[in-house]
Amino acid sequence: MLYFNFTRIFKIKGIHRPFSYLTSLGYSPGYATRIANNQVGQINTERMERFCRDFNCTPNDILDFRPQANAPLPESHALHTLTKTEITNEVLGKINTLPLDKIQQIHDIIKNME
């Protein structure tokens with residue numbers, strides 16, 4: 001089944017208060033609440049585009065496919081490309097344990113990606 005997974009975007013972007021962030025971008029409080037709580041069942045293309053513009057992402061980044069046990073699909077099915085892994089603070093934790101020269105190397109790599 002396909003789901004909208006806005007929480008994943010907020011975690012990746014380091015947004016700890018999605019409601020406040022969304023309202024600061026001009027989203028209505030009601031809609032910001034639904035997005036922040038992953039309670040969006042459908043979204044029109046204009047709103048999808050706005051969200052993608054605001055968060056520099058694609059609709060595929062927001063959509064998450066979770067196979068149903070009673071309706072399995074072959075592993076080669078294209079919908080599996082939308083299956084996302086859970087984002088944790090693992091990377092941040094690992095970065096925090098690195099010596100400063102290694103953190104500087106990571107910084108330089110990221111800066112050159114822009």
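Author: A residue is called buried if its relative accessible area is under 20%, exposed if over 50%, and partly exposed in between, using a 1.4 Å probe and protein chains only. By that rule Tyr27 is buried, at a relative accessible area of 6%. The model is predicted, so to speak of local features requires pLDDT of at least 70 and side-chain atom pairs count only at pLDDT 80 or more, while totals for chains, interfaces and linings use all residues. Residues are numbered from 1 along each chain as its sequence is written, and side-chain values use heavy atoms, leaving out hydrogens and water.

Reader: How many aromatic pairs are there by the ring rule?

Author: Rings of Phe, Tyr and Trp (its six-membered ring) pair if their centres lie within 6.5 Å; planes under 30 degrees apart are stacked, over 60 edge-to-face, and the rest tilted. The count here is 7 aromatic pairs. One of them joins Phe10 and Phe51 edge-to-face, with 6.3 Å from centre to centre and 70 degrees between the planes. Phe10 belongs to helix H1 (residues 6-13) and Phe51 to helix H4 (residues 45-55), so this pair ties together parts 41 residues apart in sequence. Helices here are DSSP runs of H or I with at least four residues, and strands are runs of E with at least two, numbered from the N terminus.

Reader: Are Phe10 and Phe51 buried or exposed?

Author: Phe10 is buried at 3% relative accessibility, and Phe51 is buried at 1%. Turning to another pair, the ring planes of Tyr27 and Tyr31 lie at 15 degrees with centres 6.3 Å apart, so the pair is stacked. Tyr31 is buried as well, at 6% relative accessibility.

Reader: Which residues do ring pairs link into a cluster?

Author: The cluster consists of Phe4, Phe6, Phe10, Tyr21, Phe51 and Phe55.

Reader: Which charged end sits over the ring of Tyr27?

Author: A charge sits over a ring if NZ of Lys or CZ of Arg is within 6 Å of the ring centre and within 35 degrees of the ring normal. For Tyr27, the charged end is that of Arg50, 4.0 Å from the ring centre. Arg66 likewise lies over the face of Tyr3, at 4.1 Å from the ring centre.

Reader: Where does His80 lie?

Author: His80 is in the loop between strand S2 (63-65) and helix H6 (90-97). His80 is buried, at a relative accessible area of 17%. Contact means heavy atoms within 4.5 Å; leaving aside residues up to four places away in sequence, His80 touches Phe65, Pro67, Leu73, Pro74 and Glu75.
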